[in-house]
Amino acid sequence: MKKKIILLISVLAAAFSAVSCQDFLTKTPETNLSPDTFFSSKAELDLWANRFYSRNFNTAESLAELTADDIVGATSLEGIQKGTRNPSSTWSSDTWAPLRDINYMLENNRCKDASVKNMYDGVAYFFRALYYYKKVRVYGDMPWYDHVIGSGDTQDLKKPRDPRGYVMLKCMEDLDKAYELLPEKWSSSPVYHVSKDAALALKARIALFEGTFRKYHAGTPYVPQDEQTFGDVTISSEYFLREAADAAGKLLGKRSLYKGNTLGLAKKAVDASYREYFILEDAESDETILSRRYSVDILVRHGIQFDFKSKQMSATTRLVNHYLQKDGTPIQERAGWETLSYKDAFTDRDPRMAQTLHGPSYKAIDGTAHEELAFNRTFNGYRVIKYISDSSHETATTSTTDYPLFRYAEVLLNYAEAKAELGELTDADVAATIDVIRARVGMPAMGTVPTTVDPLMEAYYPNAEGTQKAAILEVRRERTVELIAEGFRQWDLLRWGEGKWLTPKSVGGFGGCYFDSLGEFDMDGDGKMDILLYEGEKPATSVKATNQIELGKTLTLSEGDHGFLTCYASEDYDWVEGRDYLWPIPVSERSVTGGALTQNPGWNDGYDSSSNE
């Protein structure tokens, strides 16, 4: 049972429902609020700041269900994967509202208690950096505003876009301020409030994104020049990578990964702790730096488990091939690795594979018997079971498991990647990062900095480059399997210059389990036929109805009468390198600013600024 606390983090409505009637009677009505009467106490600052969490953090569903080349649903793809983004779309009505709220509080925070004032200023600086990071990774250059804009301020309202490097530099400055002002821990419910550690984690995330984006897009229309000077600071890909390593480095050894086995999902913690971490009702506080809270007590729940079932969220063969064998060697070292059956694919693999995907020995959290694979929960055989709790979470918006927004494992990976991209990863760095992550699941340590390039990883990431290319590829492997379904993969491919792998056409459709023919198959080796694949007239079968798959409609086999069970094979969108790494600026916004907001490279919206003259 979750502790009952008045925590205003998930939605503003929940915030107001948690305030007592007496509190409302003793507060100045919102209709009469002014900077002179508000922001004078911790309670008022808290009430205002709590909207930052819901407006600036993505929902648990949107993060867990973001499709890419590693995880897809049978019902939909992202617009970036189908080529349906276009300049006629509009920004949501509150695009700038979250930023205004942040700047408004910074300008009007007059709390006389200096410690309280500083703490909430720190919160605001944190969220301003987060706000702009999310905008830059979508649109690139963005106008930077660090103050509230008046309705008559024409100059600011029609301000041109600032270079992305300048905006990201300002984010670094904001996060330095946030780190200085935020507490180590809040006095109550610290895991649900931004803190010094959260500021470092966000700084590492943002700096790594910008550092690698600049490295892999330098000299393109997205980043015409890597080095730029703003004031007395010269930025570059190296500058941001060092910022990332420095921020993440401050957290190394300060926290630990979750290694519990309280639910008894397996006999040994190494076979359970990774899976269990993501279905904890209450976020633990060692690995979790910041969590989104879900609880019956505050009437806030999510629907990941329901959505994973209804969308049949499935992993791809591409992801499965990232998992090492249990002895730490790549799967290519196993004979016949390219055509392994479902059962064989799970045999002697990194334990995270069976803790992330429904394997032959999968047991539901509230059952002791093996649960058979059902194809109404997966479309290709590799069902994603990360975040899947007991049956009480099965229906729409009933899940109350907390959702980690920042966790220590990501920080370790960010540090290792930044150092490898700089060509400065050491054996000690490997021991402090990758080996810590692998130890949780009982995998062999990497031990030393890799020097031999894995050909499969090189094929998956052909643009990777650097003096430590082998290490870069191995860190990407580790990141892919550790952070699956946490909202990172799409953005990782974009910053690495590997965007084309988001489109089904680039990989011939998203494949899953391998089948050597049509017919019936005993997938888990229990002597019972689990699936029927057929074309045309359905043969007589004892296979349950949900697992009778007619090919040629939604699903196909990659080689016609055999191969990988594939979805979206008919998608024909070709990735456009000089355009698709950024979203188009909505033409409506360009028109409002009289063309001051220029369009992103490659997008033709037909707008003529002279028509506004």
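**Close-up 1. Buried residues of helix α6 in the predicted model.** P98, L99, D101, I102, N103, Y104, M105, L106 and N108 of α6 are buried. Because nine of the twelve residues of α6 are buried, the helix is largely enclosed by the rest of the structure. The partners of these buried residues are α3 (42-56) and α7 (114-139), against which they pack. Helix α6 spans residues 97-108, and the distance from its first C-alpha to its last is 16 Å, close to the 16 Å expected at 1.5 Å a residue.

**Close-up 2. The open sheet β7-β12-β11.** The sheet has three strands, and their pairing is antiparallel. Strands β7 (510-515) and β11 (555-557) stand at the edges with a single partner strand each, so one side of each has no neighbour in the sheet. On average, neighbouring strands of this sheet are turned by 30 degrees against each other, direction ignored.

**Close-up 3. Pairing of β11 with β12.** Strand β12 covers residues 563-567 and is joined to β11 by three bridges. The two strands run antiparallel. L557 lies opposite L565 of β12.

**Close-up 4. Surroundings of V441.** V441 sits in the loop that lies between α19 (434-440) and α20 (455-460). Its relative accessibility is 1%, so V441 counts as buried, the cut-off being under 20%. Leaving aside residues up to four places away in sequence, V441 touches V270, Y274, D350, P351, R352 and Q355. The C-alpha atoms of V441 and E474 are 17 Å apart in space, and the two residues are 33 residues apart in sequence.

Definitions and conventions
Residues numbered from 1 in each chain as written. Predicted model: local features only at pLDDT ≥ 70, side-chain atom pairs only at ≥ 80, totals over all residues. Heavy atoms only, no water. Helix = DSSP H or I, 4+ residues; strand = E, 2+ residues; numbered from the N terminus. Expected span 1.5 Å × (residues − 1). Buried < 20%, exposed > 50% of the residue type's maximum accessible area, 1.4 Å probe, protein only. Contact = heavy atoms within 4.5 Å. Pairing = 2+ DSSP bridges. Axes fitted to C-alpha atoms, helices over the stretch in contact; angles between N-to-C directions.
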